[in-house]
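Visitor: I have the sequence and the coordinates open. Could you take me through the model, one question at a time?

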Amino acid sequence: MPKQTLIFALLLTIFSCTKSSKYSGDYACKVESSYWELYEDSSDTTFHTILEVKKEKKAIIVLNNKIHVDSLHEGEWFNYSGYPSIFEVKVSGDSMYVYSYYGGQGGGSGNLYSCEK
């Protein structure tokens, strides 16, 4: 029985590391960026960039935000919000979508990353 428990623990560890490795790496992204102020003009910009997703044990780091891999579910948004910011990530196959927003009543900025490995 202890041998089976050891094998199970080993497989669980390997699976967890594999999951974080699956999401880590460089992604080619199209970024839709918006900025606005209460009494000023707004601006919308689209540009392309490389998003580096780093692995750290059982977590990934996306735009300086650490996310445990067990929080990510295929095709569903992971959401972290705390006024005045919102941060969301969705993984789907080899694609990753990231939405970040920072602002309040006087204005704000938001970026939507649509990325592929």
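**Strands, rings and sulfur**

Visitor: At 31% relative accessibility, what does tryptophan 36 count as?

Guide: The model is a predicted one. A residue is buried under 20% relative accessible area and exposed over 50%, with partly exposed in between. At 31%, tryptophan 36 therefore counts as partly exposed.

Visitor: How many aromatic pairs does the count come to?

Guide: Ring centres must lie within 6.5 Å to pair, and planes under 30 degrees apart count as stacked. The count comes to one aromatic pair. Tryptophan 36 and tyrosine 101 form that pair, with 5.8 Å centre to centre and 20° between the planes, which makes it stacked.

Visitor: What is the order of helix and strands along the sequence?

Guide: The protein has one helix and eight strands. In sequence order, the pattern reads α-β-β-β-β-β-β-β-β.

Visitor: Over how many bridges do β1 and β2 pair?

Guide: The two strands form a hairpin with five residues between them. One of the bridges has aspartate 26 as the partner of glutamate 52 in β2, and tyrosine 27 stands opposite leucine 51 in β2. Strand β1 covers residues 25–37 and strand β2 residues 43–56, and their antiparallel pairing runs over 11 bridges.

Visitor: Which residue in β8 is the bridge partner of valine 31?

Guide: β1 also runs antiparallel to strand β8 (residues 107–116), with 10 bridges joining them. In β8, the partner of valine 31 is tyrosine 113.

Visitor: Which residue takes a positive phi in the hairpin of β2 and β3?

Guide: β2 and β3 pair in the antiparallel sense over three bridges, and lysine 54 stands opposite isoleucine 61 in β3. This hairpin has two residues between the strands, and the residue with a positive phi near 55° is lysine 57.

Visitor: How far apart are the sulfur atoms of cysteine 29 and cysteine 115?

Guide: The structure holds one disulfide. The link of cysteine 29 and cysteine 115 is right-handed, with 110° about the S-S bond. Since cysteine 29 lies in strand β1 and cysteine 115 in strand β8, the pair ties together parts that are 86 residues apart in sequence. The separation of the two sulfur atoms is 2.0 Å.

Visitor: Are cysteine 29 and cysteine 115 buried or exposed?

Guide: The cut-off for buried is under 20% relative accessible area. Cysteine 29 has 2% relative accessibility, so it counts as buried. Cysteine 115 has 1%, so it too counts as buried.

Visitor: Which residues does serine 95 touch, not counting those up to four places away in sequence?

Guide: Serine 95 is found in strand β7. At 14% relative accessibility it counts as buried. Beyond four places in sequence, serine 95 touches Tyr27, Lys90, Cys115 and Glu116.

Visitor: Which residues of the largest nonpolar core touch the most other members?

Guide: Of the 117 residues of the protein, 29% count as buried. The largest nonpolar core has 19 residues, and those touching the most other members are Leu51, Ile60, Val62 and Met96.

Visitor: Which strands each supply at least two residues of this core?

Guide: In soluble globular proteins, nonpolar side chains tend to be buried together. Here the strands that each supply at least two core residues are β1, β2, β3 (59–62), β6 (85–92), β7 and β8.

Conventions
Residues numbered from 1 in each chain as written. Predicted model: local features only at pLDDT ≥ 70, side-chain atom pairs only at ≥ 80, totals over all residues. Heavy atoms only, no water. Pairing = 2+ DSSP bridges. Helix = DSSP H or I, 4+ residues; strand = E, 2+ residues; numbered from the N terminus. Phe/Tyr/Trp six-rings, centres within 6.5 Å; stacked < 30°, edge-to-face > 60°. Buried < 20%, exposed > 50% of the residue type's maximum accessible area, 1.4 Å probe, protein only. Core = buried A, V, L, I, M, F, W, Y, C linked by side-chain atoms within 4.5 Å. Disulfide = S-S within 2.5 Å. Contact = heavy atoms within 4.5 Å.
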